Each structure stands twice: as C-alpha cells, then as structure tokens.
Amino acid sequence: MEKISDRFKKSFGQLGFVFLLCLCFFFMVVFIEYATDTYALFQNLNEVVDIMIRYNSRIIVGVVFQLWYWSGIANETFYYISYFIAIFMLVAAVFLLQKILRNMIKNEFLRIAMSFVTIANVYIIEYFMFIEKGLFIFAIFFNVAAFFYMFHFFNDKRKRNCFLSFLCLACAMFTYQGTVGLFVVLCLPFAYRSAVNL
C-alpha cells in the first residue's frame, strides 16, 4: 500500500511541475487574440463548420464547432474554454511523453524539461493564437498517444498497439493535419533502434 501511495505522490508531483511549466510559458495567451480567422469564425460559425468538414477534413473540429453553434455559448466563453482545454491537453501530452522516457532518462527534471521542449516548442506558439487552440493541442496529444502505442509496439510487436496507434493518428489527422509531423519525429529514433536494417 505504501508503494502505491509513494507512486501516486511522485506522479502528482510530476504532474504539478508539468502544469506549472505549461502555465509559465502559456499564461499570457489566456487573453483573446483576434486572428483573421477568429473574426470570420465569430461572424459565420455555421458556414465555418461546413468548411472544416467538407474542405479541410477537420471533422473533429467541425463537430465541436457544430456543438458550439447549437449550444449558443458566447464567443468569448468558448475562447476561454478552448484555452483551458489546450493547457490541460498540453500537460497530459508532456506528462505522457515523460512517462515513456522514464527508463531512458533517470533524472526527473531533465526528463520533464526534455519532454516539454519536444512538444511545447516555438512551433506550437502559433496554435495558441487561434480560437481552436484547445483542438490543436488535442491533436498534439493524439500524436503523443499514437507514439505511446507505437513505442510499445516496437517493444512487444503486439498488433493491438499498432492498431491503437493508427486510431490515435487518425484522430489527430481529422483534428488538425499539421500536427502529424510530431508523430514521425517522436518515432524515428525508436524505429531506428528497433529496426533490423536501414
């Protein structure tokens, strides 16, 4: 029982550290940013739903926007909801990645910092400028989850893990295709390590 309690305390401490790290870097973007897309979205939400689903293949974004349209939630309220979802999903993604790296990097601070920099680098700052920030970071989490299952597939060769990885990757694709490069970057070193030849 003591071991479970210690493990929970350690995980809670790591989670707290990741949360503070994410908040330090992305606290200022809590304020509404009116990107060009934001004006278009606020003016024609129903039309944007159609564009997202039909032309951009962002089906998950389209479904969420449709639910937003039906719910009647105010634009500003949805913006803040999206922000908090983005922070929550970023914490989850960094925490999951550092768990994967646990056996390779023993130093806890270095492992969390490395996981944070890998995911929350300069390339995702732009995502926080848009109202869909929660969904963009959700797509990033799906990529990390896909890597999590692929990492296990590299180790145990179970087809179930490969299928779950594909499922997570499909969710990332139908949320925001621009994030899928992260999956490739995360997998490359481990694919190389477990490959028989080049």
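**Reading the helices and their residues**

Analyst: At 26% relative accessibility, Phe-138 counts as partly exposed, in a model that is predicted.

User: What kind of aromatic pair do Phe-138 and Phe-142 form?

Analyst: Phe-138 and Phe-142 are four residues apart in helix α7 (residues 133-156), and so they are separated by about one helical turn. Their rings lie 4.6 Å centre to centre, with 65° between the planes. Planes over 60 degrees apart count as edge-to-face, and the pair of Phe-138 and Phe-142 is accordingly edge-to-face.

User: How many helices does the chain have, and how many strands?

Analyst: From the N terminus on, the elements run α-α-α-α-α-α-α-α-α. The count for the chain is therefore read from the helices and strands as they are assigned by DSSP, and it gives nine helices and zero strands.

User: What share of the 198 residues in the chain is buried?

Analyst: The cut-off for a buried residue is a relative accessible area under 20%. By that cut-off, the buried part of the 198 residues in the chain is 43%.

User: How many aromatic pairs does the structure hold, and which type is the pair of Phe-65 and Trp-68?

Analyst: The structure holds twelve aromatic pairs. The rings of Phe-65 and Trp-68 have centres 5.7 Å apart and planes at 65°, which makes the pair edge-to-face. Both residues belong to helix α4 (residues 59-71), where they sit three residues apart, or about one turn of the helix. Phe-65 is buried at 0% relative accessibility and Trp-68 is buried at 3%, so the answer is twelve aromatic pairs, with this one edge-to-face.

User: Which residues of α8 are buried, and why can they be said to line one face?

Analyst: The helix α8 has 15 residues and reaches 21 Å from its first C-alpha to its last, close to the 21 Å expected at 1.5 Å a residue. The buried residues of α8 are Asn-161, Leu-164, Ser-165, Cys-168, Leu-169 and Ala-172. Seen down the axis of α8, these buried residues fall within an arc of 140°, and so they line one face of the helix. On the other side of α8, the exposed residues are Lys-159, Arg-160, Phe-163 and Phe-166.

User: Which side chain makes a polar contact with the side chain of Thr-179?

Analyst: Thr-179 is placed in the loop between α8 (159-173) and α9 (181-194), and its 3% relative accessibility means that Thr-179 counts as buried. If neighbours within four places in sequence are left aside, the residues in contact with Thr-179 are Tyr-127, Phe-136, Ala-139, Ile-140, Asn-143 and Ala-172. The polar contact between side chains has a length of 2.9 Å, and the partner of Thr-179 in it is Asn-143.

User: Which residue caps the N-terminal end of α6?

Analyst: A side-chain oxygen of the capping residue lies 3.1 Å from the backbone nitrogen of Phe-109.

User: What is the phi of Ser-57, and what is that of Lys-157?

Analyst: Ser-57 is found in the loop between α3 (45-54) and α4, and at 35% relative accessibility Ser-57 counts as partly exposed. Lys-157 is in the loop between α7 and α8 and is partly exposed as well, with a relative accessible area of 48%. Neither residue is a glycine, yet each has a positive phi: for Ser-57 the value is about 55°, and for Lys-157 it is about 60°.

Terms used: Residues numbered from 1 in each chain as written. Predicted model: local features only at pLDDT ≥ 70, side-chain atom pairs only at ≥ 80, totals over all residues. Heavy atoms only, no water. Helix = DSSP H or I, 4+ residues; strand = E, 2+ residues; numbered from the N terminus. Buried < 20%, exposed > 50% of the residue type's maximum accessible area, 1.4 Å probe, protein only. Polar contact = N/O pair within 3.5 Å; in protein donor to acceptor, adjacent residues only side chain to side chain. Contact = heavy atoms within 4.5 Å. Expected span 1.5 Å × (residues − 1). Arc of directions from axis to C-beta. Phe/Tyr/Trp six-rings, centres within 6.5 Å; stacked < 30°, edge-to-face > 60°.
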